[in-house]
Every structure is written in C-alpha cells, then in structure tokens.
Amino acid sequence: MSRWWGREAGRLRTAVLDARSSSLPSSSPAAAYHTIQAIPRECTGSKISARDRAQGRIPAVVFAQQLFTGGKIDGRSVSRKHILTTERKQIQAILKSVKPEFICSTIFPLQIRAGSGSSVLLESGKVLPLKIHRDPETGKVLNLVFAWADEGSELKVDVPLVFKGEDVCPGIKKGGNLNRIRPSLKFLCPAEHIPSKIEVDVSNLDIGDRILMHEVEVHPSLKLLSRNETMPVCKINAAKFEESGEV
C-alpha cells in the first residue's frame, strides 16, 4: 500500500486540488493534500484489529453521523457504513500536518479501494473525523471514526475558537488578561461550509468587555447549538493588583 501511495501521491494531490479547491474550507489546506486511502475489512474483533495494527494499518469505520448520534436515518445512510483499515503512515502524516484541535473539524477526501494496491475504487467522498482513539499509555492511534460529509448534508461539529488581536487589545495593554472561557462552539453545519476553526477578534475589547456566543461571526448557514447563546466565550479581566486596590 505504501509503495502504491508513493507513486500516486503526486497525481492525487493535483487532482484533489483542482477538483476541491472551491469547496474545501480555506483554513484547511491540509485537506486538499491528503486523500485518505482505505480498504474494506472482511472481519472484525480485537484479534483482527491487533493483526491489522501489527501490519501497519489502523482500523476505521465511516458512516452517516446520525448512526453515531442516534438521529434519524434512512436506508442509504445504513448502506454507506463501511468497516475499513487505513495506512498508519498516511494517518500519521495527516496528524502531523493538522493541529490536533482542528482534526475533528476538518474535511478530508476518502477513497475506498478494493484492496491494498488495487486500482478498483469502491466508493469515495468527503468525510469528517469524529473520534480518534489512542492508546492512553503510548499515544498511538488505535482506531478512527469518520462521518460522511456529503454536500447538502448537515453535521454537528465542535468548532475550535482561535482568538486574535491580543497584541493590540486595549484591555490587555492596560494590564488586563484574556480569559478564554470557551475553547470551541458546537454548530449544525452544512458539510460544504464546515470551518476548521473560527477566529474571534478581541482587538477592540477593554477591561471588563466580553464576547458572547451569538456575537461570534460565522457563515450565515451555521446554526449555533446552545441553550444559552448569551454565555460569554471570552472576557478581558482586570489584573489582580487592580482588583485588590494595590498600586
């Protein structure tokens, strides 16, 4: 599989860039360079998974997100569930090129081949990583869970927040500090508009100012999934010496 991937990497990179440059999030350049290659698994179980890992492969599953969250499903969703294995070296390369906090909000192309090194394409599409299970002691990836991210579908996504403008923030210049209250927000996103991250501008905040959930600027198609949209995501706190009255 690794030899085949090496030969095909240049061609796939060009093809993926040309075909998907208009639909992938601009903040997710790595997705355009990594088409995940997978093959079906005929059997499952802990012993089979251990054997796959010993052979340099990582067990994986891909299905409609509704199967994972318990939402409404249809026959097509069930039929598109695939038990797979992926190549460890490729997955490691992806994990190194994308920051860990952005992995589960980044769309990747997936190709399911008939077998290792096969040119027969069984199915392909875009997927969103849902879970990356690791060994708690070694940190090695044990298995992967993906959801199909077809254009026109909607997925629930925890999108990381990235705060910018701290260097010019009036409150911070006065000695205050930025309290990052929420590291992410959950949205219902059309697959074609899933952002790998959301930037929150704090450049105009003074001491005591805050930004609320509903004030975070996102694509209009994204629906915030929160019972209280007036909760803050960040706040500029006064320095401790100011709070205690010390000079």
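Predicted model: local features only at pLDDT ≥ 70, side-chain atom pairs only at ≥ 80, totals over all residues.
Trainee: Why is His34 called buried?

Mentor: Its relative accessibility is 14%. Buried means under 20%, so His34 counts as buried.

Trainee: Where in the chain is His34?

Mentor: His34 is in the loop between helix H1 (2-20) and strand S1 (36-40).

Trainee: Which residues does His34 touch, leaving out those up to four places away in sequence?

Mentor: His34 touches Ala93, Ile94, Ser97, Phe108 and Pro109. Contact means heavy atoms within 4.5 Å.

Trainee: What makes the pair His34 and Ser97 a polar contact?

Mentor: The side chains of His34 and Ser97 are joined at 3.4 Å. The cut-off is 3.5 Å between N or O atoms, one able to donate a hydrogen and the other to accept it, so the 3.4 Å contact of His34 and Ser97 qualifies.

Trainee: What puts Arg80 over the face of Trp148?

Mentor: Arg80 lies at 3.8 Å from the ring centre of Trp148. The limit for CZ of Arg is 6 Å, together with an angle within 35 degrees of the ring normal, so at 3.8 Å Arg80 meets the distance condition. Arg80 is listed as lying over the face.

Trainee: How many aromatic pairs are there?

Mentor: The count is 0. Ring centres have to lie within 6.5 Å to pair.

Trainee: How do you know that S4 and S5 pair?

Mentor: Strand S4 (residues 108-113) and strand S5 (residues 121-134) are joined by 6 bridges. Pairing needs at least two bridges, so S4 and S5 are paired, and they run antiparallel. Within this pairing, Leu110 has Gly125 in S5 as its bridge partner.

Trainee: What about S5 and S6?

Mentor: S5 and strand S6 (residues 141-148) have 7 bridges in the antiparallel sense; at least two are required, so S5 and S6 pair as well. Leu128 is bridged to Ala147 in S6. S5 and S6 form a hairpin with 6 residues between them, and Gly139 in the turn has a positive phi of about 80 degrees.

Trainee: What do the strands form together?

Mentor: A closed barrel of 6 strands, in the order S1-S3-S2-S6-S5-S4, with mixed pairing. Neighbouring strands are turned by 45 degrees against each other on average, direction ignored.

Trainee: Which strands does helix H2 touch?

Mentor: Helix H2 (residues 46-54) packs on the sheet and touches strand S2 (57-63), strand S3 (82-87) and S6. The direction of H2 makes about 120 degrees with that of S2.

Trainee: And which does helix H5 touch?

Mentor: Helix H5 (residues 88-97) touches S1, S2, S3, S4, S5 and S6, and its direction makes about 80 degrees with that of S3.

Methods: Residues numbered from 1 in each chain as written. Heavy atoms only, no water. Phe/Tyr/Trp six-rings, centres within 6.5 Å; stacked < 30°, edge-to-face > 60°. Helix = DSSP H or I, 4+ residues; strand = E, 2+ residues; numbered from the N terminus. Buried < 20%, exposed > 50% of the residue type's maximum accessible area, 1.4 Å probe, protein only. Axes fitted to C-alpha atoms, helices over the stretch in contact; angles between N-to-C directions.
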